[in-house]
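Colleague: I should like a close look at a single part of the model. Please start with that part and then relate it to its surroundings and to the chain as a whole.

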Amino acid sequence: MAPRFRIAPRFSSLSHSQPQKLNSPIKTAIEQQCIMVHSSIQSRQISKAQSLILRMIRRSGVSRTEVVNSIICIGNDSNSSNSTCDSALDLLIRTYVQSRKLREATEVFRLLKLKRISVSVNACNSLLAGLVRNGWVGVVREVYREIVELGVDLNVYSLNIMINALCKDGRLKEVNKFMEEMEKKGILPDNISYNTLIDAYCRNGEMEMGLELMAVMREKGFRPDSVPYNAILNGFCKIGKIERARELFGEMLELSLAPNTSTFNILMGFYCKNGDSDNATKVFDEMLECGLKPDKVSFNNVINLFAKKGDMKRALTYFREMKNFGLSPDNVIYTMIIHGFYKVGAVSEAIKMRDEMVTNGILPDIVTYNTILNGLCKEKRLTDAHKLFDEMVKRGISPDFCTFTTLIHGYCKTGDLETARNLFDKMLELKLKPDIVTYNTLIDGMCREGDINKASDLWEDMCTRDISPNYITYSILIDSYCEKGKIDQAFLYLKEMVEKCISPNIFTYNSIIKGYCKSGSTKKAKDFLQNMRKDKVRPNKITYNTTIHGFIKEEKIQEAFEMLNQMEGEGIMPDIVTYNSLIKGFCETGRMQEANWVLKRMGLNGTRPDKSTYEALIDGFVTTGNMKEALKLHDEMLQKGLVHDDKF
């Protein structure tokens, strides 16, 4: 039999092209395996042949050139048919692709092209599809051009792979031109071609284009199934056009096109995302009425919805119902339930659910542990949180930055800054990069404890790590300096904040006003309040209460009263804090008539006096010698169940 491959004389080097004859009777291990590959293919044992190839390509020190040349040489040397050698080379490319060795697969293809050896369309499609799956879209286009140059007879699978590649690369406008070129070659698009293109347009938010393509499909004799409909439905739901989605759903039913579970999941997902439990459960029930079985996505949607709402009774109903459909909850669904219990403060129920999860052989992952840790820290159960942290590490689950930030936040809230700082140092030891949330938590903890110097050190450390402070970081430090009456230092941070185009918020402005009032400059606080309006930041109740309290401290009662009128004029209703500040101010200066007038105004606005209100008035009447009125208020106070610290 003539040799399978006749190579042009110019390819004289084995490393480039020409496979040499194996004159030595002692064959290398790689050659022995190639013989076995050929033999397996001839006896139609393709799985065995692929296993041999897999073993061959995994051998260290074996180059692609050596493998290719060995397969060709054995084919030329033996009685193997042309098809056997073709199959071996095709199998080599496909094995590389399946092993995710795409560079090697591409190299083999190019070696064969260099040797002018044709590659089957199946192997070419396998290579193209592998490159697309891996996101190597640029390489796909290069390899496709080389496949065309090699003269491979492409088919509809090649067309669909390249449509997918163009769509993934965002080159939607090039797809039509490409389809036209393929049609000239006699390769016509099929349902998959149009479905891929419709899905790409919908992911790009162009649902109307998707609808136009469905019309084209019908013109060409195709009957769109649920796949393109679901893509367009999903697109409309993503941009909030639920009415448009429902219309399309109705069209499906009119065309006797049965929606599938995915169709219902898309609609259900929209309602769940928007917290619409009535419509979400309605869609779930419609799915059951259509004889469809809900899947994990269906249950995931409704369980997450009710867990987030804190309706654990309904969340558990769906959770238990999963078993009726042959489904078992995974760690994602268990974590949702656990999070829901912590949200409503049912810590013991959350722990029970964690235990049930482990009993059922579902080990908590990092997300589950972080959820439980967050719940325990919110409940200030730091001892339990630390035990859980140790358990997590023992089970081989590496804590992430979220784990450490949660624990740091918990310890900062309880004032245990030493443990919080130790956790921060441990985090850095493990090469975990803290983020702005971690730093804000620690800076806030230091400021709350009054250690502004350590807070400043953390600020510097954060900046050296190229982590930019945000409006929360600035607000924490501004508030801390204002709390200490260091208004000039606070303004330096405010100036820097504005220079970095970070807009101060109401919290920041209220901190500055508090700083002015604490340093005895309430008039400046009032002026700053006017500047808030210029910056289009509307003062709130805290803004006015702070300013009113500042004027009262400075015994400027009239100015405080003017602020009350201004506050009400802006539609901001005073609260018990506002009224008590004014009453206390009038009482301390012996202006009991004005104090009583504020009390009446307070009642007209529907605000009930509390213990502080009565104590201020009683003390005021005692100081002015009106014991009769003081005793009357004292009795009234006791009748309302409020106990006064008697001083008379």
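At 1.5 Å a residue, what distance should the 13 residues of helix H32 span, and how far apart are its end C-alpha atoms?

Modeller: The model is predicted, so that local features require a pLDDT of at least 70 and side-chain atom pairs a pLDDT of 80 or more, whereas totals for chains, interfaces and linings use all residues. Residues are numbered from 1 along each chain as its sequence is written, and side-chain values rest on heavy atoms, with hydrogens and water left out.

Helix H32 comprises residues 576-588, and its 13 residues should span 18 Å at 1.5 Å a residue; the end C-alpha atoms are 18 Å apart, in agreement with that expectation. The expected span is 1.5 Å times one less than the number of residues. Helices are DSSP runs of H or I with at least four residues, strands are runs of E with at least two, and both are numbered from the N terminus.

At the start of H32, a side-chain oxygen of aspartate 575 comes to within 3.2 Å of the backbone nitrogen of valine 577. A polar contact is a pair of N or O atoms within 3.5 Å; within protein, one atom must be able to donate a hydrogen and the other to accept it, and residues adjacent in sequence count only if both atoms are side-chain atoms. Just after H32, glycine 590 adopts a positive phi of about 75°.

Buried denotes a relative accessible area under 20%, exposed one over 50%, and partly exposed the range in between, with a 1.4 Å probe and protein chains only. Contact here means heavy atoms within 4.5 Å.

The buried residues of H33 are Met592, Ala595, Val598, Arg601 and Met602. An α-helix has 3.6 residues a turn, so residues three or four places apart point the same way. The buried residues of H33 pack against H31, H32 and H34. Just after H33, glycine 606 takes a positive phi of about 80°.

The loop between H30 and H31 contains glutamate 555. Its phi is near 60°, a positive value in a residue other than glycine. Glutamate 555 counts as exposed because its relative accessibility is 63%. Elsewhere, lysine 380 lies in the loop between helix H20 (366-378) and H21. The phi of lysine 380 is near 60°, positive although the residue is not glycine, and lysine 380 is exposed, with a relative accessible area of 57%. In helix H21 (residues 382-394) itself one finds aspartate 390, which counts as partly exposed at 36% relative accessibility.

As for the whole, the protein chain has 35 helices and zero strands. Its radius of gyration is 37 Å, whereas a compact globule of 648 residues would have one near 26 Å. That radius is taken over C-alpha atoms, and the globule rule is 2.2 Å times the number of residues to the power 0.38. Along the principal axes, the C-alpha atoms fill a box of roughly 130 × 60 × 55 Å. Of the 648 residues, 46% count as buried. Among contacts between residues at least 6 apart in sequence, 62% join residues at least 24 apart. The accessible surface is about 33,100 Å², with 49% of it belonging to carbon and sulfur atoms; areas come from the Shrake-Rupley method with a 1.4 Å probe, and for residues only the protein chains shown count as cover.

The largest nonpolar core has 200 residues, of which Leu92, Ile93, Ile232, Ile303, Ile408, Ile478 and Ile512 touch the most other members. Such a core is a set of buried Ala, Val, Leu, Ile, Met, Phe, Trp, Tyr and Cys residues joined through side-chain atoms within 4.5 Å. Neighbours within four places in sequence aside, isoleucine 303 is in contact with Ala315, Tyr318, Phe319, Met322, Ile333, Met336 and Ile337.
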